[in-house]
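Student: Could we go through this model step by step, with the criteria behind each term spelled out along the way?

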Amino acid sequence: MRTTWLKLVLAAASVLFTGSALAGETRAKQILDRFEHANQWRDHVMVAAHRAGSLQARKTLFAENSIAALEASIALGAEIVEVDVRRSKDGEFVVMHDSWLDRTTNCRGEVVKRTLAELKTCRLVIEGTGAVTDEPVSTLREMLMATRDRILVNIDNKLDVDSLAGMIAVARDLGMAEQVIVKENLWNPARITTVKAAMGAIGSGFQFMPIIADDAVRDAGFAEKVSGAFSPRAVEMINWRDGAETLTETGGPLFSPRMRAAAIRGDWHIWANTYAIVNKPGGFLAGGRGDELAVFASLPRETYGFWAERGATIIQTDEPKAAIDWLAANGYRVPYSDAARPAEPANTASIN
């Protein structure tokens, strides 16, 4: 059963909501509508595929941050794909999580010490099996072209905050800035000021999402200040596990009734992370209630259900199929209009 506060919100929202998406809208447009109007869609939990979504049932099927993984996530019905962005030696934005090439490609060395032409000789590797794919390192432009009108893109900026301007410029050049979500960590008023200045210099027309972690922020009051400063459509919340043996029973200080009330007042989504961190305790970002619990221990209700009942309407996961299947089977997913089935990818064959 959904919580009482959620039922009240939905009852009020149903009076205002005008119905399903118009025929002919792209899938990305429908997803964007749900992202921008959280209070109208609190009966639906969106799924974000971490590093483009390379896993299914803890088996690595695709190279992370690959277009192949992206295609699989779109086919599953994920709403958001998260990708990591770094810069090549000659200043091009490339999609890569690590600062070194060794783990995820058949090349060696630092990303920033290779030109784009050199990076294009590298092939992505499927972690776990070690299989070398035919897919080269993608530029941000290539990744965005592959996602256009099909899914929202959450950019995890591995550079400084000022680099976001260049990333948004790429999205604007493609006419799809509104389909891009960028994010930065916020932990005190000075950081709010710094990031707000950077976002103001970039302008508008894209989505900015603050990240708040309970190692520095302990109550919803800070989130309310963040909401007032940025008017975000989502706020990413982190409940650190910090090696504790027990699972969180409450979701920690950020997943509180006051936080849910703040989210309703601000009309923004609460975003939870269930994906794994290498060499960290299971559910490191989710109070122990991560994908390991859902898939290894076969307790998806104690992971995806737990966070949905504590207000999360976006869950970022390494296991998009497991999350979507369980959420849909248990009434946490509202189908999209058939008029906006995932489109075919853009032709990127000629892009260098």
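Student: Is T303 buried or exposed?

Tutor: This is a predicted model, in which local features need pLDDT of at least 70 and side-chain atom pairs count only at pLDDT 80 or more, while totals for chains, interfaces and linings use all residues. Residues are numbered from 1 along each chain as its sequence is written, and side-chain values use heavy atoms, with hydrogens and water left out. Buried means under 20% relative accessible area, exposed over 50% and partly exposed in between, with a 1.4 Å probe and protein chains only. Because T303 has a relative accessible area of 0%, T303 is buried.

Student: What is the handedness of the disulfide link between C107 and C122?

Tutor: The structure holds 1 disulfide, a term for a pair of cysteine sulfur atoms within 2.5 Å, and this disulfide joins C107 to C122 with an S to S distance of 2.2 Å. The pair links distant parts of the chain, 15 residues apart, with C107 in the loop between β5 (93-95) and α4 (116-119) and C122 in the loop between α4 and β6 (123-126). Both C107 and C122 are buried. With -110° about the S-S bond, the link is left-handed.

Student: How are α8 and α9 oriented relative to each other?

Tutor: Axes are lines fitted to C-alpha atoms, for helices over the stretch in contact, and angles run from 0 to 180 degrees between N-to-C directions. The axes of α8 and helix α9 (residues 257-266) come within 9 Å and cross at roughly 15°. Angles under 35 degrees count as roughly parallel, over 145 as roughly antiparallel, 65 to 115 as roughly perpendicular and the rest as oblique. The crossing angle therefore makes α8 and α9 roughly parallel.

Student: What is the phi of S231, which is not a glycine?

Tutor: Most residues other than glycine have a negative phi. S231 is found in the loop between α8 (220-230) and β11 (234-238), and with a relative accessible area of 48% S231 is partly exposed. Its phi is positive, at about 45°.

Student: What is the phi of D149?

Tutor: D149 is found in the loop between α5 (140-147) and β8 (152-157). With a relative accessible area of 27%, D149 is partly exposed. Although D149 is not a glycine, its phi is positive, at about 65°.

Student: How far apart in space are L76 and P320, C-alpha to C-alpha?

Tutor: L76 lies in helix α3 (residues 67-76) and is partly exposed, with a relative accessible area of 25%. L76 and P320 are 244 residues apart in sequence, while their C-alpha to C-alpha distance is 7.5 Å.

How values were computed. Helices (H or I, at least four residues) and strands (E, at least two) are DSSP runs, numbered from the N terminus.
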